[in-house]
2 protein chains.
Amino acid sequence: MTRYRPADLVDFTAALFAAAGMDGDKPATVAELLVEADLMGHDTHGLNLAPNYLRELENGEMRATGDPEVLSDHKAALLWDARRLSGVWITARAIDEACNRASDYGVATVSVRESHHIACLAAYLTRATNRGQVVLIACSDPAVATVAPHGGLDPVFTPDPFAAGFPTEGDPILIDMSSSITTNGMAGRLRGGGEHFPGKWAQDHAGNATNDPRILFDEPKGTLLPTGGHDHGHKGYGMALIVESLSQGLSGDGRSSKPSFWGAAIFIQVFEPDAFAGRVAFNRETSELVSLCHGSRPAVGIEKVRLPGERALARKRDAMRNGLALYPGIVDRLEPWAEKYGVPLPQTL
Amino acid sequence: MTRYRPADLVDFTAALFAAAGMDGDKPATVAELLVEADLMGHDTHGLNLAPNYLRELENGEMRATGDPEVLSDHKAALLWDARRLSGVWITARAIDEACNRASDYGVATVSVRESHHIACLAAYLTRATNRGQVVLIACSDPAVATVAPHGGLDPVFTPDPFAAGFPTEGDPILIDMSSSITTNGMAGRLRGGGEHFPGKWAQDHAGNATNDPRILFDEPKGTLLPTGGHDHGHKGYGMALIVESLSQGLSGDGRSSKPSFWGAAIFIQVFEPDAFAGRVAFNRETSELVSLCHGSRPAVGIEKVRLPGERALARKRDAMRNGLALYPGIVDRLEPWAEKYGVPLPQTL
């Protein structure tokens, strides 16, 4: 497999975003976070998205320059209008601001409306956990609906991801999951390769559970199933309602206005454990959970019980040492942009 | 079925708790919230728990009198030591305090350590939604473990419930679910009646998925499965880690101290939408979600797509008009306590 130095990929991608018009620290921040997603193995939500972002910049759907508008600031509760700026940049900035505010007020919440797409939630979490803080992120795209409510056949929700980062005495716990069993990105990739979901994670237009991702693309279209599937999908349905209410409800950027652009309403929250029982106690208890999970006998066919984020951090360490093997086709799709903007392709290792 | 006036059940249960030594508003508050759970149909977590609570009061495991100790107060971030007081009373009080603080600061978080058991999370939600506010609750019992991590065979977690209440332009959305597919209470009830789970919601000690609740009670014991089951249980595993980290980590009341009493670490958070895009916008967007879900064509065998809480609120309205039909055996189990304390049984309708 072709491998690249992660820093070279960041420089390359940042040069493309700068050439496409992004100002200030936006090119570097977005490039770093997309490469971070690839480093962690979330390769549908890393550089895979860069060509789409470049296209959105070119056609003006993603705003390239300027700052969010602060619509309200109650110290520990903020509302920003992102004005369709890069969701990756705005999310990083909102988390950093929430970390600072949480240091002062214990907990800080930033609600963001009219953001562009925010990519991989897992990639942001260490911004807070490296500071000893806890972070929650939830986001949804009010313009998209591919997931049915439990018991229903028509799509209402996006996959509605949420993520949480928890410091421990060792590596942080990094959780990033969708309220649906699987995502639109995964469905598109499997369909492109003629593959199937590992389980019956979708249903056709009549409600028959299926592992065929084509039902999301071929008419009459089916839907992705909420977590729990037909057996106990009220769980994923509840999660989707929580994610959409916190992201779209608090920001006021929701489905009622029938938005048509590729975007996101975002909910971000950071906790400072020292405002509660303290960092030592927090890390002691999360580390105890890590020990208990690691100590649980693995099921047949499972090497060991892993914590969320454990495999991603191991992948990242390996890629930082040995180079990052990108998912096939990603650099190919960036080549026309590199040519257009006169940016040299990154060297392979 | 035998029906009771809800107010009579509240008076009866409050009289028992008062006779057992609870001071101040504790007997009435706990009685109201247990009956509220029954009114909503959550009948494993309503008056079904009253005999257990009376026994815990009698043997001193639940403290009957006094107040929580405020360990930290950062205005929008509080830590209370509940000193083993009734978790039902302390949760109601913490939510009311968080509602008041959220009015001032936008968002308020109360972390509670060393609480006794908190019963039905759904029963508390309208305390906040009736005020136009959003509430989240998560709790776990660090002394109990019946749920395995995904891929593991040994229990690490409690069912780890979390709940959310969202105001809309009409009825609120009331979500209350466990991170595991089902709960200890449901397992105990089905086992008692010789029944089975509707799906393979547990696994035996060797990891074979099963619908038999007896595997939780007979040696060698099995475990409850996290939401998603063997197919995609990394979802419920992530939810459990979020619930335990927020409840036990922030409060410092976790598994590391190997507590042995029946208790709870609690995470409570209230949002004031007016600190963000405002109540009108919030309710508009949640109402839009309600409309979209109601408008989704129902699957075969489903009458209509319902919102979480919809059936519970309908049940409650019916019971307020026509009397509450308690689950069989509940009053029988309270009879010895009524006799002991000289409290007359509630009249049947």
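This is a predicted model: local features need pLDDT of at least 70, side-chain atom pairs count only at pLDDT 80 or more; totals for chains, interfaces and linings use all residues.
**Entry 1**

I started with the open sheet of seven strands in chain B and read off the order β2-β3-β4-β11-β5-β6-β7, with mixed pairing. Then I looked for the edges. β2 (69–73) and β7 (173–178) of chain B each have a single partner strand, so one side of each has no neighbour in the sheet. I also looked up the twist, and from one strand to the next it averages 15°.

Next I picked out one pair of neighbours. Strand β6 of chain B, residues 161–166, pairs with β7(B) over six bridges, in the antiparallel sense. Who stands opposite B:F162? I found B:M177 there, in β7(B).

**Entry 1: a helix from the other chain**

What lies across β5, β6, β7 and β11 of chain B? I traced it to helix α8 of chain A, residues 234–251. It runs at about 130° to β7(B).

**Entry 2: where the chains meet**

I went on to the whole interface. I noted 83 residues of chain A in contact with 83 residues of chain B. Between them the two chains bury about 6,500 Å², and 67% of that is on carbon and sulfur atoms. On the chain A side, I wrote down A:K235, A:F276 and A:R297 as the residues that lose the most area to chain B, together 11% of what that side buries.

How many salt bridges does the rule find across the interface of chain A and chain B? The count is four. One I looked up joins the side chains of A:E288 and B:K258, at 3.3 Å from N to O.

Last, I turned to an open sheet of three strands in chain A, with the order β9-β8-β10 and antiparallel pairing. Here β9 (209–210) and β10 (223–224) stand at the edges with a single partner strand each, so one side of each is left without a neighbour in the sheet. Strand β8 of chain A (residues 202–203) is joined to β9(A) by two bridges. I found A:A202 standing opposite A:T210 in β9(A).

Technical notes
Residues are numbered from 1 along each chain as its sequence is written. Chains are lettered from A and ligands numbered from 1 in the order in which they are written. Side-chain values use heavy atoms; hydrogens and water are left out. Two strands pair if DSSP finds at least two bridges between them. Helices (H or I, at least four residues) and strands (E, at least two) are DSSP runs, numbered from the N terminus. Axes are lines fitted to C-alpha atoms, for helices over the stretch in contact, and angles run from 0 to 180 degrees between N-to-C directions. Contact means heavy atoms within 4.5 Å. Buried area is the accessible area (1.4 Å probe) that two parts lose on being put together, summed over both.
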